[in-house]
Amino acid sequence: MDSSAIPKAFFDHQKWYMATLSSLSDSADAKATTSTTTKIIHTYTKSIQGFSATLTLSELEALKSSTGFISYTRDRPLKLHTTHSSQFLV
């Protein structure tokens, strides 16, 4: 998210992110029963400005056209490389 695009009505980035996600849920195909706070996984404010969240495809498309959006990275499941980690960690 572009930190220079934060509206003056918001005092911190987290409230802006929550409001942005709330508006996406209202405008997108809102079949989701989860609240905005459960969609946000983590907010980032130190080296980058942004958040990680669980979104539907329609919410992602709506987010792309929102003010301050820069880019997204889809999270992909990782494949387990070993089944023996617990043996050498002990």
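Ala, Val, Leu, Ile, Met, Phe, Trp, Tyr, Cys and Pro count as nonpolar, Asp, Glu, Lys and Arg as charged, and the others, Gly among them, as polar. By these classes, the lining of the largest pocket in this predicted model holds 13 nonpolar, 7 polar and 2 charged residues.

**The largest pocket**

The volume of this pocket is about 760 Å³. Its lining is made up of 22 residues, and those nearest the centre are F51, A53, Y72, T73 and R74. Three elements, β1 (40-44), β2 (50-53) and α3, each give two or more residues to the lining. Strand β2 provides the largest share, with 4 residues.

**Salt bridges**

| Salt bridge | N to O distance |
|---|---|
| K39 and E59 | 2.2 Å |
| K64 and E61 | 3.1 Å |

The bridge between K39 and E59 links distant parts of the chain: K39 belongs to helix α2 (residues 36-39) and E59 to helix α3 (residues 57-64), 20 residues apart. Both K39 and E59 are buried.

The other bridge joins the side chains of K64 and E61. These two residues lie in helix α3, 3 residues apart, which is about one turn of the helix. K64 has a relative accessibility of 33%, so it counts as partly exposed. E61 also counts as partly exposed, because its relative accessibility is 48%.

Terms used. Residues numbered from 1 in each chain as written. Predicted model: local features only at pLDDT ≥ 70, side-chain atom pairs only at ≥ 80, totals over all residues. Heavy atoms only, no water. Salt bridge = Lys/Arg side-chain N within 4 Å of Asp/Glu carboxyl O. Buried < 20%, exposed > 50% of the residue type's maximum accessible area, 1.4 Å probe, protein only. 1 Å grid on protein atoms, 1.4 Å probe; cavity = no way out; pocket = protein on both sides within 12 Å on 5 of 7 lines; lining within 4 Å. Points joined across faces, edges and corners; volume = space filled by probe spheres on them.
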